[in-house]
Amino acid sequence: MKGEREVKNGVSEEEREVKRKRVMERSDSPPPPLGFNNPLLPLANTYDDDDEEEENEQKKSQARGNGVAKGEGNGNKVKGEAQEEVDDDEDDDVSKGKGKHSRHVEVRRDCPYLDTVNRQVLDFDFERFCSVSLSNLNVYACLVCGKYFQGRSQKSHAYTHSLEAGHHVYINLLTEKVYCLPDSYEINDPSLDDIRHVLNPRFSRAQVNELDKNRQWSRALDGSDYLPGMVGLNNIQKTEFVNVTIQSLMRVTPLRNFFLIPENYQHCKSPLVHRFGELTRKIWHARNFKGQVSPHEFLQAVMKASKKRFRIGQQSDPVEFMSWLLNTLHMDLRTSKDASSIIHKCFQGELEVVKEFQGNENKEISRMSFLMLGLDLPPPPLFKDVMEKNIIPQVALFDLLKKFDGETVTEVVRPKLARMRYRVIKSPRYLMFHMVRFKKNNFFKEKNPTLVNFPVKDMELRDYIPSLPRAPEGENVCSKYNLIANIVHDGKPEDGYFRVFVQRKSQELWYEMQDLHVAETLPQMVELSEAYMQIYEQEEE
């Protein structure tokens with residue numbers, strides 16, 4: 001009998017007992033934590049491609065703790081044998097050599113299934129969840145059909161899909177390694193590098209510095225041409241307020257350059273920051289498979305960070321979204337409470353506020369920072385002209401900016417009736433204006449249709465705000481500004497839509513962008529629209 005037991009399964013009873021003890025010790029204690037540089041990944045993402053049976057066993061052992069005796073009769077032996085079979089089947093993808101043991105994976109270049117890869121169906125803009133289990137653990141993309149599946153061990157969904165559909169080439173969305181299933185060997189072929197670049201676009205600092213000089217068009221797989229940085233954004237459902245905000249911020253050169261290099265914000269643990277960086281890299285990438293980008297993952301991060309204040313399917317105001325986004329990015333990027341960030345370096349200016357209360361001769365003088373200046377439009381006329389049409393008034397930007405010259409009085413009611421005078425004492429490099437067009441009364445939301453006449457180029461801010469202080473000696477700071485983005489609103493207050501005019505610096509051309517629609521336009525058309533929010537860039541000496 002002893003001889004039969006030794007021959008069984010080709011191993012002796014002593015060897016099987018040693019394996020049982022080793023597996024039981026590993027399952028009785030939770031696996032050590034595995035670290036990733038990418039803070040977006042949940043802790044569960046650091047585990048290997050294990051079968052469900054092993055994962056369930058680990059969860060049970062963690063719940064029991066270390067107090068379970070290792071000699072609980074034959075029951076533990078049965079679990080040990082099952083665990084041993086799992087270990088024999090699995091192919092671990094342990095990152096960075098930490099945690100559990102890793103098996104050697106064969107690396108080959110001559111894969112016979114590379115010609116089945118279909119780049120036309122690949123889309124890495126959406127959330128990385130398994131299409132079967134809806135899990136975000138160890139997700140692989142099938143390079144034949146484009147679907148996402150979990151794991152690559154023998155009981156995983158990707159392995160099953162490879163057998164049922166005959167699709168054999170998969171890429172790990174985290175490590176960017178390509179495998180052939182069900183053989184489970186790694187494919188190392190340079191022809192797959194373009195897929196890795198689309199999955200995770202990369203920019204060198206030299207490439208970033210040359211972006212504004214690039215005049216070359218790129219071609220998508222469907223044959224359409226597109227300009228890097230001028231690609232359309234999908235309107236998932238009433239999300240044009242996000243699209244026009246993103247397209248405007250993409251024209252702010254220091255902000256764009258900062259987010260094109262992930263090393264600049266690798267210390268940050270905010271998912272919103274990293275999603276914004278990923279979206280920036282995809283918009284400016286010159287080797288995309290298609291001439292459009294879907295901000296789906298960024299919108300999911302926005303919904304979570306804003307606690308569904310801004311969400312898919314609900315129209316919102318781009319001015320509110322811009323204010324929330326810039327403040328949230330600043331809070332997440334700063335390394336200490338008083339530290340600055342790329343947001344404040346680009347947009348932060350300073351105001352001097354003089355407050356006078358009725359019946360009180362004392363004045364309160366204070367200073368406050370701002371990222372955006374609100375401009376009050378004059379009220380529209382109540383009566384129609386002789387043609388029975390409403391008169392659309394016009395006002396110059398010069399008149400609106402008088403609010404910040406330090407002399408014009410603005411009366412406020414809340415929190416107390418007071419007379420306010422504002423004066424810009426520090427102008428930012430990028431100056432944002434918000435035309436207050438919408439007001440809510442007790443019954444409905446109304447829109448002010450007043451047109452604003454503004455300069456597109458060479459706006460001398462000192463002519464608009466004479467009290468603007470001059471730069472200290474030795475600093476060459478220009479007070480001239482050029483328009484780079486103009487968000488407009490068309491239609492009725494409730495049923496209207498937003499679009500944006502942006503400038504392409506390499507050729508100083510203007511483009512009209514509304515979701516997927518991108519078309520070149522004349523600078524004169526920019527001035528004829530109902531401006532809602534504008535971004536001006538300071539000229540360099």
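Phe 398 is partly exposed, with a relative accessible area of 35%; here buried means under 20% relative accessible area, exposed over 50%, and partly exposed in between, with a 1.4 Å probe and protein chains only. The model is predicted, so local features need pLDDT of at least 70 and side-chain atom pairs count only at pLDDT 80 or more, whereas totals for chains, interfaces and linings use all residues. Residues are numbered from 1 along each chain as its sequence is written, and side-chain values use heavy atoms, with hydrogens and water left out.

The structure holds 17 aromatic pairs. Rings of Phe, Tyr and Trp (its six-membered ring) pair if their centres lie within 6.5 Å, with planes under 30 degrees apart counted as stacked, over 60 as edge-to-face and the rest as tilted. One of the pairs is formed by Phe 398 and Tyr 464, which are tilted, at 5.7 Å centre to centre and 55° between the planes. Phe 398 belongs to helix α14 (residues 397–400) and Tyr 464 to helix α15 (residues 461–464), so this pair ties together parts that are 66 residues apart in sequence. Helices (H or I, at least four residues) and strands (E, at least two) are DSSP runs, numbered from the N terminus. Tyr 464 is buried, at a relative accessible area of 14%.

The pair of Phe 404 and Tyr 422 is also tilted, because the ring centres are 6.1 Å apart and the planes stand at 50°. Phe 404 lies in the loop between α14 and β15, and Tyr 422 in strand β16 (residues 418–426), so the pair ties together parts 18 residues apart in sequence. Both Phe 404 and Tyr 422 are buried.

Ring pairs also link Phe 258, Phe 259, Tyr 265, Phe 276 and Phe 298 into a cluster. Phe 258 and Phe 259 are among the buried residues of helix α9. This helix (residues 253–260) is mostly covered, with 8 of its 8 residues buried. Arg 256, another buried residue of α9, lies over the face of Trp 284 at 4.6 Å from the ring centre. A charge sits over a ring if NZ of Lys or CZ of Arg is within 6 Å of the ring centre and within 35 degrees of the ring normal. Elsewhere, the charged end of Lys 445 sits over the ring of Phe 438, 4.7 Å from its centre.

Turning to the sheets, 4 strands form an open sheet in the order β12-β11-β16-β15, with antiparallel pairing. Strands β12 (363–370) and β15 (410–412) stand at the edges, each with a single partner strand, so one side of each is left without a neighbour in the sheet. From one strand to the next the twist averages 35°; axes are lines fitted to C-alpha atoms, for helices over the stretch in contact, and angles run from 0 to 180 degrees between N-to-C directions. Strand β11 (residues 349–357) pairs with β12 in the antiparallel sense over 8 bridges, and Glu 356 stands opposite Lys 363 in β12. Two strands pair if DSSP finds at least two bridges between them.

Strands β24 (residues 509–514) and β25 (residues 517–521) run antiparallel and are joined by 5 bridges. Within this pairing, Ala 519 in β25 is the bridge partner of Glu 512. The two strands form a hairpin with 2 residues between them, and Asp 515 in the turn has a positive phi of about 60°.

Two further positions were examined for their surroundings. Ser 162 is placed in helix α5 (residues 157–165) and is buried, with a relative accessible area of 1%. Leaving aside neighbours within four places in sequence, Ser 162 is in contact (heavy atoms within 4.5 Å) with His 167, His 168, Tyr 170, Leu 181 and Pro 182. Asn 118 is found in the loop between β1 (107–108) and β2 (139–142) and counts as partly exposed at 29% relative accessibility. With the same exclusion of neighbours within four places, Asn 118 is in contact with Leu 143 and Val 144. The C-alpha atoms of Asn 118 and Gly 146, 28 residues apart along the chain, are separated by 8.0 Å.

A search of the whole structure finds 0 disulfides, a disulfide being a pair of cysteine sulfur atoms within 2.5 Å. Cys 130 is buried, with a relative accessible area of 0%, and Cys 268 is buried at 3%.

Overall, the protein has 16 helices and 26 strands. Of its 541 residues, 48% count as buried. Residues 24 or more positions apart account for 65% of the contacts with a separation of 6 or more.
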